[in-house]
Amino acid sequence: MAKAKQVLEESIRELYEALKPKCLMLADMGCGSGPNAFLVVSEIMEAMNEACKNLNRPVLEFGVFLNDLPGNDFNALFLQFLPSFYRQIEEGDGCNFGPCFVSATPKSFYGRAFPTQFLHFVHSSFSLHWLSQVPKGLVTNEGVALNKGNIHIAKTSPPGVHKEYYKQFEMDFNVFLRSRACEVVHGGRMVLTFQGRIQSNDTNPILEPIRSALHDMVLEGVIDEEKLDMFNMPCYFPTVEEVKQSVEAEGSFTLNKLETFTVDWSVDETQNLRDRVEFVVKSIRSVMESLFTSAFGKAAMKDLFLRFKDKVEEPLARQTSQYFNLLVSMTRRA
Ligand SMILES: C[S@@+](CC[C@H](N)C(=O)[O-])C[C@H]1O[C@@H](n2cnc3c(N)ncnc32)[C@H](O)[C@@H]1O
């Protein structure tokens, strides 16, 4: 989020100068249940206030909509973080904030979540690489698994696997763009960050140690081979070109910026190796454990993440542990 801040601020400033809304309606899509949601909302509000001040305009009101799937822990979000966020606004923190009204929008972002021409600004970080479902074509009508022994697109995956994943991404991203095109006012903006890939045949490096841990568990009889063969991750990491193509084909948004940046899996490469390994295991476990539990059972989880811990140490030590990310800024066409 820190790496996206400059593009975010620039987009907010341009949005304010173009539309000068009295009440800015903003949505964070896939907000999660941690403090990041309010961090980004604060950043947006500060940037908007700054733009307002520069034009000598009165302070703005804000309508903030935190979106995620209905199963998201909105209670944690609102009970733990909302009171201090409201306090921060009331106390000003050096800024003269206008009133801010925060609501939850529990709905998949792959479909309509807001009324027509309702939003001025849409933000989303690290959510759009999650697909709406595992591509159905990865298992044939006869029940044959196409991606045996792998959990995502891997070097040993047959070409059909990439094709099925890409088809699902294209469909989902098109639905996302079409839905937001209805909801965002003309001249409104979106800033999206998500994981991507440099080239379309690259594999995602963080998934390899997980695959390898699961594979070892199959060899030792801890997990059924068939369960691993049938399991695939519901995510896709597009290239710059794939995103560009999708945005242009859908046609409702003008691409202002499409940048890439990398972040170490442990975020902070300067920490000692033990802490970095610990951070990576905890963060991946918090995001992915429920998926693995449904596929392989709760009893296997402790063992899986202990093995994963051993396997991430080497790439972290060699500093080859990078997430490759895309940062996209766009404007709703008139
Ligand atoms: C890794 S978290 C990112 C949370 C937060 N935006 C951040 O940057 O820290 C991904 C979030 O996307 C949400 N998500 C995934 N698919 C979604 C969908 N179709 N609609 C809404 N939210 C979704 C997940 O529930 C999860 O909370």
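Predicted model: local features only at pLDDT ≥ 70, side-chain atom pairs only at ≥ 80, totals over all residues.
Me: Thanks. How many helices and strands does the chain have?
Reply: The protein chain has 9 helices and 7 strands. Its radius of gyration is 21 Å, close to the 20 Å that the globule rule gives for 334 residues, so the chain is as compact as a globular protein of that length.

Me: And what does the C-alpha trace span along its principal axes?
Reply: About 70 × 45 × 35 Å.

Me: What share of the residues is buried?
Reply: Buried residues account for 51% of the 334 in the chain. As for the surface, the chain exposes about 15800 Å², and 52% of that comes from carbon and sulfur atoms.

Me: What about contacts along the sequence, how many join residues at least 24 apart?
Reply: If you take contacts between residues at least 6 apart in sequence, 84% of them join residues at least 24 apart.

Me: Let's go inside. Which residues have the most contacts within the largest nonpolar core?
Reply: Those are Phe173, Phe176 and Phe292, in a core of 64 residues. Helix 4, residues 159–183, gives this core its largest share, with 8 residues. Apart from this core lies another one of 37 residues, including Val64, Phe74, Val191 and Val263.

Me: New topic: methionine 217. Is it buried or exposed?
Reply: Methionine 217 counts as buried, because its relative accessibility is 0%, under the 20% cut-off. You'll find this residue in helix 5, residues 207–219.

Me: Which residues is methionine 217 in contact with?
Reply: Beyond its neighbours within four places in sequence, Met217 contacts Val222, Ile223, Ala300, Asp303, Leu304 and Arg307.

Me: And how far is methionine 217 from lysine 107 in space?
Reply: The C-alpha atoms of these two residues are 36 Å apart, and in sequence they are separated by 110 residues.

Me: Now the loop between strand 6 and helix 8. Where do its ends sit, and what about glutamate 269?
Reply: That loop lies between strand 6 (253–264) and helix 8 (273–296), and glutamate 269 is in it. Glutamate 269 is partly exposed, with a relative accessible area of 36%. Apart from neighbours within four places in sequence, Glu269 is in contact with Asp264, Arg276, Gln319 and Gln322.

Me: How far is glutamate 269 from asparagine 325?
Reply: In space, 17 Å from C-alpha to C-alpha; in sequence, 56 residues.

Me: What is phi of valine 267?
Reply: It is near 65°, a positive value in a residue other than glycine. Valine 267 is in the loop between strand 6 and helix 8. With a relative accessible area of 53%, over the 50% cut-off, valine 267 is exposed.

Me: Last one: what about phi of phenylalanine 126?
Reply: Phi of phenylalanine 126 is near 55°, which is positive too, and this residue is not a glycine. Phenylalanine 126 sits in the loop between strand 4 (119–125) and helix 4, and is partly exposed at 31% relative accessible area.

Key
Residues numbered from 1 in each chain as written. Heavy atoms only, no water. Core = buried A, V, L, I, M, F, W, Y, C linked by side-chain atoms within 4.5 Å. Buried < 20%, exposed > 50% of the residue type's maximum accessible area, 1.4 Å probe, protein only. Helix = DSSP H or I, 4+ residues; strand = E, 2+ residues; numbered from the N terminus. Rg over C-alpha atoms; globule rule 2.2 N^0.38 Å. Contact = heavy atoms within 4.5 Å. Areas by Shrake-Rupley, 256 points an atom, 1.4 Å probe, with all protein chains shown as cover.
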